[in-house]
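Hi,

Here's the structure I said I'd pass along.

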Amino acid sequence: MKEYCVFVLLNRTNEPMILKGYNNIDSAKTRLYQYIRNWQDNSWPYYVDNDFYNNEYPNIDCKNFAYFCIKERDVTKWEKYSNVNIKYEDNHENNNKCKIINFLDFNI
């Protein structure tokens, strides 16, 4: 099963947004076209990064534009949660992925 979303990146804030997930591509496309219509009504440039859309503004070089892209992902079945104990290793060099800081190791 697939899930779809409309990925939005506004150049003025540079903050990516995904507002909602959709169960089918038609719902995601409908929402994308609503975003595009809103930007067209305000005469703001935009870019859609999907192969089904023909962009009006192929080269955008301004400060107020939007980047849109429909993204998809596989949705898997729900699994039973299990609490996995993560063991903290004293040797930090061998465990680069460890996000735990032991403040007792530092002299203050």
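For the element counts, helices are DSSP runs (H or I) of at least four residues and strands are E runs of at least two, numbered from the N terminus. On that basis this predicted model has 1 helix and 4 strands. Their order from the N terminus is β-β-α-β-β.

Some overall numbers: of the 108 residues, 21% are buried. The exposed surface comes to about 9,300 Å², with carbon and sulfur atoms supplying 49% of it. Looking at contacts between residues at least 6 apart in sequence, 40% join residues at least 24 apart.

Now the charged pairs. In general, side chains of opposite charge can pair when their charged atoms come close. The count here is 2 salt bridges.

One of them joins aspartate 74 and lysine 2, with 2.9 Å between the closest N and O atoms. Aspartate 74 sits in strand 4 (residues 66-74) and lysine 2 in strand 1 (residues 2-10), so this pair ties together parts 72 residues apart in sequence. Aspartate 74 is exposed at 55% relative accessible area, while lysine 2 is partly exposed at 32%.

The other pairs arginine 73 with glutamate 3, where the closest N and O atoms are 2.5 Å apart. Again distant parts of the chain are linked: arginine 73 belongs to strand 4 and glutamate 3 to strand 1, 70 residues apart. Arginine 73 is exposed, with a relative accessible area of 54%, and glutamate 3 counts as partly exposed at 22%.

Cheers

Note on methods:
Residues are numbered from 1 along each chain as its sequence is written. This is a predicted model: local features need pLDDT of at least 70, side-chain atom pairs count only at pLDDT 80 or more; totals for chains, interfaces and linings use all residues. Side-chain values use heavy atoms; hydrogens and water are left out. Buried means under 20% relative accessible area, exposed over 50%, partly exposed in between (1.4 Å probe, protein chains only). Contact means heavy atoms within 4.5 Å. Accessible areas come from the Shrake-Rupley method with a 1.4 Å probe; for residues, only the protein chains shown count as cover. A salt bridge is a side-chain nitrogen of Lys or Arg within 4 Å of a carboxyl oxygen of Asp or Glu.
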